Each structure stands twice: as C-alpha cells, then as structure tokens.
Amino acid sequence: MAHFDTEYQRLEASYNDSPPGEEDLLVHVPEGSKSQWHHIENLDLFFQRVYNLHQKNGFTCMLLGEIFELVQLVFVVTFTVFLANCIDYDILFANKMVNHTHQTQETFKVTLPDAFLPMNVCSSRIRNNVFVIFILIIAGVFWLHRLVKFIYNICCYWEIRSFYVNALRMSMADLPYFTWQEVQARIIEIQKEHQICIHKKELTELDIYHRILRFKNYMVAMVNKSLLPIRFRVPVLGDAVFYTRGLKYNFELIFFWGPGSLFENEWSLKPEYKRGGNRLELADKLSNRILWIGVANLLLCPVILIWQILYAFFSYTEVIKREPGSLGARCWSLYGRCYLRHFNELDHELMSRLSKGYKASSKYMNCFMSPLLTVVAKNVAFFAGSILAVLIALTIYDEDVLAVEHVLTSITLLGVCVTICRSFIPDKHMVFCPEQLLKVILAHIHYMPDHWQGNAHRYETRDEFAQLFQYKAVFILEELVSPVITPLILIFCLRRKSLEIIDFFRNFTVEVVGVGDTCSFAQMDVRQHGHPAWMSAGKTEASIYQQAEDGKTELSLMHFAITNPHWQPPRESTHFISQLKERVQREAASAPLPENHLFSSIQSESEPHSLIANLLVGPPSLLSLQMGREGPVANQVSSTAGSDVASALRSLSPLSTSQHLRGSYTSTRLPRSDLAPLTGTRAMVGSGTDAHTASSGSSAWEGQLTSLVLSEYASTEMSIHALYMHEVHKQHSRGEVSRHTWHRQESDESSESVPDEGEALPTLPRSNTFPSAATHRQEGAPLHPTGQRRYGGNTDILTGGARTIARGPRLPMGGWADEAQAGRHHDTVPEEGSEDELPPHIHKVT
C-alpha cells in the first residue's frame with residue numbers, strides 16, 4: 001500500500017494542557033496576584049463539570065441524584081436475589097397449605113410473610129448457588145467502583161460549586177434560573193481576571209464548546225462520514241440501524257478514554273497517531289485492541305444481559321401497567337440524536353430542538369396507519385371491550401366476583417388489549433398531509449435527505465425516518481439485545497475499519513490555540529469542509545472526502561452563530577454568513593409575502609400555543625416593540641422556491657434580531673451590585689434553545705419570560721435558516737444525482753473508493769448532492785495546497801464557475817502515495833522541534 005512521509009508533529013510543551021508550540025502565548029501573572037482558579041490544568045473536565053452542575057440544577061440536586069443511583073443499584077441486586085431465593089412460591093400461589101397452629105380453620109388467612117422463607121433457609125440457598133455468588137461479587141465490585149467514583153465526584157463538584165459562588169457570583173438557589181449562555185458569558189468575563197486558561201488572554205464561546213464537546217464532535221463527524229459500522233442490511237428486514245448505549249460506550253472506550261486509546265489525555269491525540277508513516281502498524285494494534293475488548297464484552301455478556309433485563313423490568317413494568325400505550329409511543333433514537341446533531345451543539349440545545357419537532361414527527365408517523373391493521377384493531381377492541389364491560393358490570397354488582405380465579409387477571413389483560421388496539425386506530429379527524437408535516441419537522445431537526453422531499457407519502461421515506469424516530473418498544477428491545485450483538489459488531493465489523501479510523505483521526509485533527517487537538521470539522525470552516533451544493537461554492541477548497549455530508553458544516557455554522565451572537569467567526573465563515581444574509585435580503589425584497597404561511601405552518605403543526613405564534617402572528621405593534629422594526633410586513637406573493645423562507649427571514653432580521661433583543665434584555669435585568677462588572681455587553685443571555693431562564697430579586701418572573709422570548713426567537717431564526725438553506729440546496733442540486741447516508745456504501749471512505757487511471761470520471765464516489773457538472777481531468781496535476789489534511793486523494797479546485805478535479809493515481813483514503821508515483825509533489829518536511837516551520841498538513845487555528 002502507498003506510503004506518505006509527511007508527519008503531524010507535536011512540539012512538547014512545559015505545561016500539561018499547553019497546546020504544542022504555544023509556549024510564547026502563556027500569560028504570566030505575579031505569584032501574589034494569582035487566584036484560586038488561575039491555570040486550571042484540565043480545562044476539559046472543568047468546563048464539563050461546570051456544564052453538568054448547571055444542567056443538574058445545582059450541587060444539592062446533583063448530590064441527591066448520585067446517592068439515589070447508588071441506592072438503586074443496591075436495591076435492584078438485593079431485591080432480585082431475595083425474590084429468587086427467599087420466597088416460597090407454592091404458598092404464594094396457594095399450591096400448599098400453611099400450618100397455622102394458633103389459628104382455627106375458620107379464621108385461617110394467608111399473609112404475605114407466610115411466603116417468606118426462614119432466614120437460615122434463605123442464606124443457605126444463596127450460599128449453595130454458585131451463580132448467585134458470582135453475580136453478587138461482580139455487583140459488589142461494580143458498586144464499590146461507583147462509590148469511589150461518587151466520593152471523588154463530590155469533592156470535584158464541591159470545587160465547582162465554590163467556582164459558581166465565589167468566581168461567577170451565582171448562588172446554588174439561583175442557578176436553575178440562569179441560562180447556560182449567562183454562565184458562559186461570565187466565564188468569558190472572568191478569564192481576564194482569573195486567567196483560567198493561561199494560553200489565551202481571552203476565551204471565546206467556541207473554545208468552551210470545544211472543551212466540553214471534544215469527543216462528541218468526533219463521534220458526530222464519524223457518523224456523518226459513515227465511518228462507524230452502525231448500518232446493516234438484514235435479510236427480510238432490509239436496511240437497519242443498530243446503535244445502542246452499550247455500543248456507543250464501547251466506541252468511546254476504544255477511541256477516547258479507555259486503556260490504550262488514541263488520546264493520551266483529554267486534549268491531546270497521541271503523537272504516533274499524528275504521523276502517516278506507521279499507519280499500518282497502528283491499524284493492526286487498534287484491530288487487536290478492538291478484538292480483546294470484543295472478547296471481554298462476550299465474556300461479560302451474561303452478567304450485562306441479566307442486568308439489562310432486570311433494570312428494564314423494574315423501570316418499565318409500572319409504566320406499562322399504568323399506560324399500556326406507552327410502548328407504542330416514539331422517541332428519538334440514539335442514532336437519530338447523533339445524525340441530527342450539529343457540530344458544537346450542547347446536549348440541552350439538541351434535546352430542546354428535537355423536543356420541538358416531536359409532535360410533528362408523531363403526527364407524520366401516524367399518517368401511515370395500515371388500513372388492514374386498523375380494521376383488525378377496531379374489531380379486536382370491540383370484542384375485548386365487550387367482555388371487559390361485562391366483567392366490570394358484574395364486579396360493580398357484587399365485588400365477590402373478583403375472588404373468582406383469573407377474573408382480576410382477565411380484566412387487566414383485556415384492558416391492556418383494548419388500549420393497544422386503540423393505538424392502531426387513527427384519529428378520525430386527522431388530515432393526511434405528510435409533505436407539510438415533513439417541512440415542519442425539517443424546520444426543527446434541520447437535516448433531511450433530499451430524496452425525502454416530494455416523497456413524504458411513500459413508505460420508504462417513512463421507514464427511513466423511523467430509523468431516527470423509533471418506537472419506545474424497539475428502543476427497549478435493542479438495549480436488551482445489545483450485550484449480545486455489541487461484541488459481534490466489534491469483532492467482525494469495527495476491526496475491518498481500523499485503518500480508516502486511524503486515517504480519520506490523523507487527517508481530521510487540528511491543533512487549536514488554548515484548546516489542544518480537536519476535530520477539524522468542529523471548526524465549522526467552510527473553506528476546509530464546506531460543500532459546494534450547500535452555498536459554499538467558490539468558498540470551499542475541500543475535496544470530496546473533506547466535505548461534510550448533508551450540509552453539516554454550513555448548518556452547524558449558522559446554528560452556532562445564532563445561538564452565540566457575540567461570537568466572532570473566522571474571516572471565511574463571516575464571509576459565508578454575510579453572503580447568506582445578503583441573498584436573503586435580496587430574494588425577500590424581490591418577492592415579499594401577503595402573510596407568513598411558513599410561520600403559520602410551523603405553529604399549526606408543532607407548537608400552536610407557543611410564544612412564537614403569539615409574537616409572529618400577533619399584532620404588528622408587538623412585532624415593532626420586540627423586533628425594533630417599522631412598517632408592515634411585506635405582502636406580495638413569492639415567485640421563487642425560496643422566497644417564502646427569505647421573506648420570513650427578512651421579517652425576523654436574521655442574526656441581528658437576537659442581538660437587538662439580547663441587548664435590550666440586559667436592561668430588564670436587576671443585577672446585584674457585586675455583579676456590576678459582569679453586566680456589560682458580554683454578560684448577555686444568548687441561548688436559542690435553553691430551557692433555563694435567568695432572574696434575580698424581584699425581576700425573577702420578568703427575566704424568565706424575557707429569556708423565553710429570546711429562546712423562541714433564536715430557535716425560530718435557526719429553523720427558518722435551515723428551511724431556506726435546504727430550499728437553496730434543492731435548487732442547486734435539482735436534476736443532479738445526489739448521495740445520502742442511506743445511499744452511501746461502506747467503501748466510500750476506503751481506499752478502494754478512488755478510481756483507477758483508466759476509469760471513467762462519473763465513477764468517482766460522490767458526497768451528498770455533489771454536483772455532477774462537466775469536469776475536466778488533469779493527470780499529474782499537483783493537489784491544491786490547503787492548510788489541512790485531505791480525507792481522500794481527490795481535490796476539487798473551485799475557480800469561479802468552472803471546476804477542475806486534480807487527480808493522482810489510485811490513492812488510499814489518507815491522501816498519500818509512493819514518492820516514485822508521478823503527479824505528486826511533496827513539500828519538504830521540516831525538522832521536528834521547529835516551531836516556526838510546521839508540516840504542510842498541520843492547521844494551527846488561532
């Protein structure tokens with residue numbers, strides 16, 4: 001296989017968290033003026049704990065939650081062992097009589113303690129059962145591990161509590177009412193005083209997000225590039241996705257934090273994985289490690305399977321008894337949450353966005369009720385309901401009917417049967433409008449394959465969407481079988497991708513000043529990872545393999561810019577955003593709308609009583625008051641495909657409305673005197689999707705309402721941007737062959753995906769909706785130089801409207817070739833340890 005000599009060098013630093021080569025940026029503070037929070041060694045864990053404490057509503061709530069988790073584990077194990085060894089089920093089921101020597105036959109009554117075995121018999125049965133002893137030992141070791149971890153976490157979170165109280169000036173009682181953006185703004189502000197990070201004078205919002213989401217951004221990128229083996233073709237069932245919490249845990253264990261993982265600490269990739277010369281050796285090493293972890297999973301499979309069954313039984317039995325139809329409800333799958341996640345999107349932002357699309361998604365899936373199944377369900381419900389009605393009537397007439405054997409059981413089962421049948425009977429008032437519902441869903445989830453649009457009524461689209469939005473029962477079933485299937489996936493599927501994984505981490509890892517090694521996709525750089533079909537034409541230098549699929553880079557950039565309006569994007573990203581705004585204004589001015597059909601569509605199908613509906617469909621005076629706009633909303637009919645969305649965006653004033661509102665928001669707050677330095681322009685509240693609100697003193701409810709308004713506006717702004725960008729992308733890719741996650745083959749990311757010299761150009765692997773315009777082939781042309789590694793051997797050089805693909809002879813995925821091969825001109829590799837001259841494929845982000 002071809003070899004590439006260029007190495008990703010890392011210069012050793014004198015501090016544990018110092019990014020390579022950035023010693024000159026260290027901020028020196030006199031010893032006497034250093035605060036308790038000066039130079040935090042592990043900022044990743046620190047910021048993660050700050051975020052977790054905020055999301056768990058303070059130290060006390062987090063402490064109680066941790067304690068109850070420990071108690072819950074003891075309860076499940078103890079109660080299960082008790083049920084298996086200390087109950088006489090013959091007495092409980094009345095299969096044998098109880099010897100009551102002190103009671104007459106007339107007063108004989110079996111009580112629950114009668115079914116309990118004596119203590120000596122119970123303990124003897126436990127001691128004689130080897131399997132139970134093994135389970136108890138495993139559970140005991142695991143519980144002790146959790147206990148030690150609990151004590152350690154309490155000590156760490158006590159320090160975080162002190163940071164909130166002393167540095168951020170936020171009490172634990174007020175913390176649930178502060179948004180995360182307020183917390184983040186104060187962290188950025190106190191950086192100047194405390195120098196939390198000594199490598200940068202000022203922190204940015206993106207720095208904090210990178211620290212918190214370093215590993216999650218890698219996972220999102222690997223799912224986006226279809227690198228992880230989570231999609232399978234199952235006989236009879238067809239295409240299926242299997243991605244459970246157990247499988248996700250093993251992926252993270254292998255890649256990020258387990259023994260022998262690719263990272264040497266939370267912020268730095270191991271040096272050997274940054275060099276391409278030993279990629280085959282590293283791939284074999286990773287393959288062996290995956291094998292041993294898979295074998296370990298296989299050996300622990302019985303224990304994990306028993307725990308999964310018991311935990312599911314204790315967790316869901318009461319819910320099923322109370323609400324039998326809950327298993328027919330749907331939830332966002334783990335794969336769906338990863339596929340739909342933006343780069344640099346926090347957990348609460350993602351869940352808030354998906355929750356807003358839940359109602360429309362449920363309505364869309366309910367549109368596909370089987371007529372045949374509906375007829376069967378109606379008749380089964382009639383027969384079961386008739387028998388149930390008779391039994392209930394007899395019970396009301398004489399309660400002794402319940403004493404008859406199996407009557408109570410029959411009533412329960414019949415009630416469950418009727419409830420399940422009703423879940424298959426559609427609402428008679430429901431209107432079949434899948435296209436409109438899918439548009440509403442897109443406004444919230446932001447990602448959708450092109451071939452869904454216009455085909456929302458087809459069962460193929462419904463089945464693919466079901467992979468993102470699955471039944472709760474399917475979710476539970478997948479988690480139950482996960483201990484059996486996970487080791488098989490690791491051993492037989494993930495090992496085959498070892499070389500691709502090694503190449504991925506080397507090619508898509510960059511060093512960020514003050515942050516360390518992070519995923520290059522998380523930079524949201526349209527020049528490095530933009531897609532020409534997603535409004536990045538002429539601004540991106542990315543090859544096919546460097547392009548993020550499905551517009552992930554562009555949409556993530558817009559989402560982060562809207563959620564964090566004070567963030568200053570890089571020059572290329574600023575240019576992309578400004579061009580998008582200009583295009584929106586231009587199209588909206590040329591084709592205004594008589595009324596906002598888009599807003600009414602979104603609100604009628606997903607949030608009919610939301611604040612957005614009241615504000616945007618409400619009186620014009622309210623719009624003028626909140627948005628600072630004068631004059632009526634434009635009232636002409638659009639003639640272009642994206643004009644509806646453009647007009648909605650113009651009325652919302654993208655990227656400026658939120659800043660205007662947030663600027664006026666601070667005047668409604670009544671901060672305490674000791675927080676005066678923090679209430680400047682940086683101490684604004686941002687979030688587009690935060691469920692928490694900020695308040696202090698008598699302005700608590702006012703601040704909470706204002707924060708909700710800001711949250712609704714930012715969320716709506718991003719929703720309309722997503723719709724607009726999809727409309728523009730649809731126009732760009734109309735008539736072109738597109739490729740999506742559902743269409744990509746596993747070989748797309750492998751070295752075999754690059755064609756030979758004699759192959760025709762159309763056989764090039766295509767990313768999502770990559771343009772198929774006429775291209776010219778130049779053999780022997782050097783690759784276009786960029787500041788970042790190539791994911792593949794092909795590089796697209798965009799010069800105006802023309803496109804030239806410079807292609808070398810059959811290159812593997814990492815973008816290397818033998819030195820003797822023609823058409824490849826390697827740059828000189830500098831000496832290791834040189835800080836001024838970096839290897840040509842290192843991208844230092846400042």
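**Surface patch, salt bridges and a disulfide**

Visitor: In which helix is tyrosine 89 found?
Guide: The model shown here is a predicted one. Helix H3 covers residues 89-92. Tyrosine 89 is accordingly found in helix H3.

Visitor: Is tyrosine 89 buried, partly exposed or exposed?
Guide: Tyrosine 89 has a relative accessible area of 35%. Buried means under 20% and exposed means over 50%, with partly exposed in between. Because 35% falls in that middle range, tyrosine 89 counts as partly exposed.

Visitor: Which helix supplies the largest share of the nonpolar patch?
Guide: The patch on the surface is formed by Phe75, Phe79, Leu83, Tyr89, Leu92, Phe93, Leu112 and Phe116, which together have about 750 Å² of accessible area. At least two of its residues come from each of helix H2 (59-85) and helix H3 (89-92). The largest share, 3 residues, is supplied by H2.

Visitor: Which cysteine forms a disulfide with cysteine 86?
Guide: A disulfide is a covalent bond between the sulfur atoms of two cysteines. The whole structure contains 1 disulfide. In this pair the sulfur atoms are 1.6 Å apart, and the partner of cysteine 86 is cysteine 122.

Visitor: How many residues apart in the chain are cysteine 86 and cysteine 122?
Guide: Cysteine 86 and cysteine 122 are both buried. Cysteine 86 lies in the loop between H2 and H3, whereas cysteine 122 lies in helix H4 (residues 119-127). The disulfide thus links distant parts of the chain, and the separation in residues is 36.

Visitor: How far apart are the closest N and O atoms of aspartate 207 and lysine 200?
Guide: The structure holds 23 salt bridges, and aspartate 207 and lysine 200 form one of them. Both of these residues are buried. The distance between their closest N and O atoms is 2.6 Å.

Visitor: How many residues apart in sequence are the parts tied together by aspartate 347 and lysine 216?
Guide: The side chains of aspartate 347 and lysine 216 meet in a salt bridge, with a distance of 2.8 Å from N to O. Aspartate 347 lies in helix H13 (residues 347-356) and lysine 216 in helix H8 (residues 214-224), so the parts tied together have a separation in residues of 131.

Visitor: Of arginine 245 and glutamate 479, which residue is buried?
Guide: Arginine 245 and glutamate 479 form a salt bridge, the closest N and O atoms being 3.7 Å apart. Arginine 245 is partly exposed at 47% relative accessible area. At 6%, the buried residue is glutamate 479.

Visitor: What percentage of residues 67-87 is helix?
Guide: The unreviewed UniProt entry annotates residues 67-87 as a "transmembrane region", along with other spans including 403-425. In the model, the end C-alpha atoms of residues 67-87 lie 29 Å apart.

Visitor: How far apart are the end C-alpha atoms of residues 403-425?
Guide: Residues 403-425 also carry the "transmembrane region" annotation in the UniProt entry. This span is 74% helix and 0% strand. Its end C-alpha atoms are separated by 34 Å.

Methods. Residues are numbered from 1 along each chain as its sequence is written. This is a predicted model: local features need pLDDT of at least 70, side-chain atom pairs count only at pLDDT 80 or more; totals for chains, interfaces and linings use all residues. Side-chain values use heavy atoms; hydrogens and water are left out. Patches are made of residues with over 30% relative accessible area and no salt bridge: like charges are joined within 9 Å, nonpolar side chains (Val, Leu, Ile, Met, Phe, Trp, Tyr) within 5 Å. Accessible areas come from the Shrake-Rupley method with a 1.4 Å probe; for residues, only the protein chains shown count as cover. A salt bridge is a side-chain nitrogen of Lys or Arg within 4 Å of a carboxyl oxygen of Asp or Glu. Helices (H or I, at least four residues) and strands (E, at least two) are DSSP runs, numbered from the N terminus. Buried means under 20% relative accessible area, exposed over 50%, partly exposed in between (1.4 Å probe, protein chains only). UniProt positions are given in the numbering used here, feature names are shortened, and annotations may be inferred rather than shown by experiment. A disulfide is a pair of cysteine sulfur atoms within 2.5 Å.
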